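Please keep the sequence and the model at hand while reading.

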Amino acid sequence: MKAIAVTPGTPNSVHLEDIPMPSVGDIADGKGVLVRVLKVGVDATDREINDALYGNAPPGFDYLVLGHESFGVVEAVGPAVTKVKPGDYVTATVRRPGGSIYDQIGTYDMTSEETYYERGINLLHGYLTEYFVDSDDYIVKVPKGLKHLHVLMEPMSCAAKAVQQAYEVQRRMKVWSPRRALVLGAGQIGLLATLLLKLRGLDVYTLARSQAPTRNSEIVAGLEAAYVSTTAEPIEKLVERVGKADLIVDATGSSTMAFAAMKSLGHNGVLVWTSITGGAISGEVQTDQINIEWVLGNKLLLGSVNANSEHFESGIKDLALGEVMYPKVAEKILTNPVDGLDNYAEMMRLLVEAKTALKVYVNVAEE
Ligand code: BGC
Ligand code: ZN
């Protein structure tokens with residue numbers, strides 16, 4: 001069967017591979033779930049992998065099948081599987097456990113090992129193919145009523161983990177009740193974080209460079225958050241106007257912005273970094289100023305990567321709630337479909353060139 005792959009280490013190597021068809025029996029203990037792939041989303045991580053800045057092939061292979069944002073339909077299940085059945089819509093988590101204690105309790109997103117295993121990213125093949133099989137431990141059911149949001153499940157899981165982690169660490173404050181949040185970046189993670197924070201009742205300011213109106217600014221408005229173009233109002237000016245934030249989520253993809261955000265956090269606040277920056281940019285930081293502000297303000301910097309199945313499940317519930325609170329808004333993120341695995345070059349072109357392509361995804365098969 002067809003798969004979209006890269007040769008890790010070789011820039012711009014995206015190509016089609018012919019790979020074997022998997023089967024339920026490939027997974028031990030009757031726990032196999034065979035999924036027919038319907039759609040797969042791609043993001044900046046896939047672009048960095050194709051730029052040979054990130055990612056590795058599985059041992060014994062010179063290629064890596066891309067794709068970590070899956071959506072499909074269950075084709076067959078092993079005898080021990082009870083949580084899904086043929087015909088169900090599903091997605092799958094990305095990371096697989098290593099050997100640390102965190103991996104062993106299902107929180108593989110928190111592995112303490114340097115090596116991590118991620119389908120479509122690092123050391124494991126991904127989902128940009130016709131069928132995949134995995135243990136039911138990593139399969140997450142998508143409710144029928146959310147099938148129009150298909151490939152958003154994985155990015156939502158990452159945003160859901162980031163927000164949940166922020167609340168979790170802020171239990172240190174005993175009575176934390178955040179009011180103002182800044183979300184930096186209006187890409188998929190920024191927009192989904194905006195939704196999550198609005199559902200938690202915060203005043204949310206979502207910042208991006210472009211001047212409104214854009215597709216992204218309309219989505220922010222649809223979520224009843226405030227879109228701020230940093231071209232018109234730089235972050236320092238915004239903070240002068242509305243005050244520092246209790247919570248900041250950086251999803252700009254820029255380490256420069258991630259560090260700059262430190263100046264906009266209020267006392268006792270938390271800044272969450274979510275961007276994967278595979279490049280080698282370095283810059284000057286006002287270390288004394290930041291150090292004293294962070295110490296005197298008891299501020300916290302939190303990195304957040306990936307998500308486990310609980311984050312997928314909570315993210316899916318929040319997408320469902322989002323459909324009730326802000327109907328038909330989240331689907332506007334799904335901007336750029338590409339038809340069929342054969343169109344891998346177009347998929348990569350959109351990812352690299354099209355500034356307005358908020359979400360590129362491949363329609364792998366019809367139902
Ligand atoms: C994926 C995450 C992954 C991260 C780092 C992101 O694009 O969505 O699942 O953990 O890249 O590899
Ligand atoms: Zn991703």
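The numbered points below concern aromatic pairs, nonpolar cores and one threonine in a predicted model.

1. Phenylalanine 71 belongs to strand S5 (residues 69-77) and tyrosine 89 to strand S6 (residues 89-92), so the pair ties together parts 18 residues apart in sequence.

2. Phenylalanine 71 has a relative accessibility of 3% and counts as buried. Tyrosine 89, at 9% relative accessibility, also counts as buried, the cut-off for that term being under 20%.

3. An edge-to-face pair. Tyrosine 108 and tyrosine 138 have ring centres 5.9 Å apart and planes at 75°, so they form an edge-to-face pair. The two residues lie in loops: tyrosine 108 between helix H2 (101-104) and strand S8 (117-119), and tyrosine 138 between strand S10 (131-135) and strand S11 (139-141). Tyrosine 108 is buried, with a relative accessible area of 3%, and tyrosine 138 counts as buried at 14% relative accessibility.

4. A charge over a ring. Arginine 200 places its charged end over the ring of tyrosine 167, at 5.9 Å from the ring centre.

5. The largest nonpolar core. This core comprises 55 residues, and Leu149, Leu197, Leu247 and Leu319 have the most contacts inside it. Residues of the core come from both domain 1 (2-142 + 335-363) and domain 2 (157-303), so the core lies between the two domains. With neighbours within four places in sequence left aside, the contacts of leucine 247 include Leu197, Tyr167, Trp176, Arg180 and Val272.

6. A second core. A separate nonpolar core has 34 residues, among them Val35, Leu64, Val74 and Met347.

7. Threonine 206. Where in the chain's secondary structure is threonine 206 found? Threonine 206 is in strand S13 (residues 203-208), and with 0% relative accessibility it counts as buried. Its side chain makes a polar contact of 2.8 Å with the side chain of threonine 194. Beyond neighbours within four places in sequence, the residues in contact with threonine 206 include Val183, Gly185, Thr194, Val220 and Tyr227.

Key: Residues are numbered from 1 along each chain as its sequence is written. Chains are lettered from A and ligands numbered from 1 in the order in which they are written. This is a predicted model: local features need pLDDT of at least 70, side-chain atom pairs count only at pLDDT 80 or more; totals for chains, interfaces and linings use all residues. Side-chain values use heavy atoms; hydrogens and water are left out. Helices (H or I, at least four residues) and strands (E, at least two) are DSSP runs, numbered from the N terminus. Buried means under 20% relative accessible area, exposed over 50%, partly exposed in between (1.4 Å probe, protein chains only). Rings of Phe, Tyr and Trp (its six-membered ring) pair if their centres lie within 6.5 Å; planes under 30 degrees apart count as stacked, over 60 as edge-to-face and the rest as tilted. A charge sits over a ring if NZ of Lys or CZ of Arg is within 6 Å of the ring centre and within 35 degrees of the ring normal. A nonpolar core is a set of buried Ala, Val, Leu, Ile, Met, Phe, Trp, Tyr and Cys residues joined through side-chain atoms within 4.5 Å. Domain bounds come from an automatic or database domain assignment. Contact means heavy atoms within 4.5 Å. A polar contact is a pair of N or O atoms within 3.5 Å; within protein, one must be able to donate a hydrogen and the other to accept it, and residues adjacent in sequence count only if both atoms are side-chain atoms.
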